[in-house]
Amino acid sequence: MSGDMPRIWMAFAAAICVWSIAVGFEGRVASYVGTELTFSTILPLGAAAMSEMFIIVIGDIDISIGFFIGLANAVAARFLVPDPLWGALLLVALVAAYMLMGVLIQVLTMPALLGTLAASFIWEGIGLALYPMPGGTAPQWLLSLYNSQPPFVPFPIIALAVLAVPTTWYIRRTRQGALLRGFGSDPRATATFGISALKMRLIAYGLAGVFGVIGGLAVTAISNSASPTSSAPLTLLAIAAAIVGGSEFSGGFAVPVGAILGAIAVSLATTVLTFVNVPSNYQDAVVGLILLGALTLRMLVRRVER
Amino acid sequence: MVRGDRPMLRGDPRRGRAGLWCDIREAPALVTFVGVLVEWGILGAIAHRGVAATMEATLSYACFLLLVGFGQMLVIALGNGNIDLSIPAVMSLSAIVGVAAMGAGSTTDILIGLLVSVGVGICVGLVNAGSILLLRVPPLIVTLAVGLVADALALVRTSSGEYASVPPGFVSAVSIRFLGIGVLTWVCLGLSPILGVIVHRTVFGRSVSAIGQNRSAAWFAGVREGRTIVVAYLISGVLAALSGVCLAAYAGLSLDLGTPYLLTSIAAVILGGSLITGGRSTVIGVWAGALFLGLALALLEVANTGVPGQYIGEGVLIFAVLGLSRANQLLIQRRRSHG
């Protein structure tokens, strides 16, 4: 497939469909304040989907992102207020820990899913050690940034766009972005060119860690506290968002705009579920079905194209 | 990742007949068995319960892990990213449905309940294998999603918030002992040689290994991939269902009954020396892995690390185990290349 446009259009159609349904249920969703409210909760998922996209593009799957965002949330709420420098250093250390996870997956030749599953236990354990009960506060600058009300376009929309634009440039226009996609579609081909697989995993997991930390900051701003386990559902939502947004499990595809649109679609879908009184307990199962449904649809489309 | 580092067939012509359980010269589970002995010694010394009593207590809950581990072993042996993540959900769902079917708890009721839970395992196994074959979606995603749906079904079944009580007849049946060893341990002991024969001597077992070692070569050799995948997931589903319903009798019914078995079922298989990339599995290795994990969890409990420490310990353990497994694999390769 030459361009990413068909994938972006598919994700856009999905997002518009779900958004229309949401507006149909509750008209105020479309107002400035309504947009601000619904889209602000999408922000962590947007970052999580971006993180997941950088892992899926190299053909791996990351099922630790939810607990990692929870951990970043705990670290931010605990350390950024008393000592900003120390807090910032710890957040950088978290990104390094994500890169270490990538290195271990590469060196031990384990499936990414197993490595990230094991790491998710470590993230959850550290998060729970920091905050067995929800607590902590967000730093003032984060709150005022988050609560800023720019004219015409609500802040969350701007933030989502800020996530998508530089990543699109990176993935489409830089050498590294091209290498990531190439490594994802055929690791042996890039190996022939002398590209080290370890370096590719370092880059991918490093970027995923950066967006995980951004997601953690977003969660901190929204809740103004830390609750390490409440971000856990983000894992599945992020995978679904990335897939709806045009990523392929086989690797090689990364469409940042699509991933953000996918995050909007998936997140609004869960909002609609609460409108029709589906208990939140069933949310995981519904997201699982959305994921399988999207994959089935794509397989059918491909079969028809052939 | 690298095609070249696939292990050779167990029936390698240079070494004659395929080993029934494992080749002692390779001894994939040796490190783990040594670890079991060390843990056993430490625990026996701290717990002041005597060496035999310690092992007996460990076996009484390790057998649930053994049962799901055997199924997971077959699925992992398929390679190509096959791992059954629906095991915890199958355990919970089959326990909830099975115990409900036991009703009053007469002997026939209990048998019906067991059959019903096996049915749940068969259904989930079929859905797993069917979706993998028809949708061509990565097995991990399929089993993850199927597990979530099974979890939701279990939730619907218990939406009243009350769990049915496990009939006392079933509880006493599960806790019967012969010669001081629990009935479930006997079941595992009886099942092991059967599984050993299935894995190493039957067309199905050899097909599983062949697919795990090289899928396209297996296809050219005429291995029936679809049928093999279906049977492997069926066995995994049925064993998880049996383990789940028996665990309910041992530990009581709950929605997250199976949750701890997600990571430990994989870890037990890998600890035992089966390859995570598939193509090589050892039944006796699962014993080593399950005992090692059972004793490790008991040690963590004695050390009183609390929930966070337990989580971190489990996560680090997986990385350590895979590190050892990788080192072992490299060692075997070096030995082979030197003749």
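Start with the interface: 33 residues of chain B are in contact with 36 residues of chain A, contact being heavy atoms within 4.5 Å. This is a predicted model, where local features need pLDDT of at least 70, side-chain atom pairs count only at pLDDT 80 or more, and totals for chains, interfaces and linings use all residues. Residues are numbered from 1 along each chain as its sequence is written, chains are lettered from A in the order in which they are written, and side-chain values use heavy atoms, with hydrogens and water left out.

Chain B and chain A bury about 3,200 Å² between them, 86% of it on carbon and sulfur atoms; that is accessible area (1.4 Å probe) lost on being put together, summed over both. On chain B, the elements giving two or more residues to this side are α4 (107–135), α5 (139–157), α11 (261–271) and α13 (306–337). Helices here are DSSP runs (H or I, at least four residues), numbered from the N terminus. α13(B) gives the most, with 12 residues.

Now the core. Which residues touch the most other members of the largest nonpolar core? They are I264(A), F170(B) and I266(B), in a core of 197 residues. Such a core is a set of buried Ala, Val, Leu, Ile, Met, Phe, Trp, Tyr and Cys residues joined through side-chain atoms within 4.5 Å, buried meaning under 20% relative accessible area (1.4 Å probe, protein chains only). Helix α2 (residues 51–77) of chain B supplies the largest share, 15 residues.

Leaving aside neighbours within four places in sequence, F170(B) is in contact with M102(B), I110(B), L114(B), V245(B), C246(B) and A249(B).

How values were computed. Buried area = accessible area lost by both parts, 1.4 Å probe. Buried < 20%, exposed > 50% of the residue type's maximum accessible area, 1.4 Å probe, protein only.
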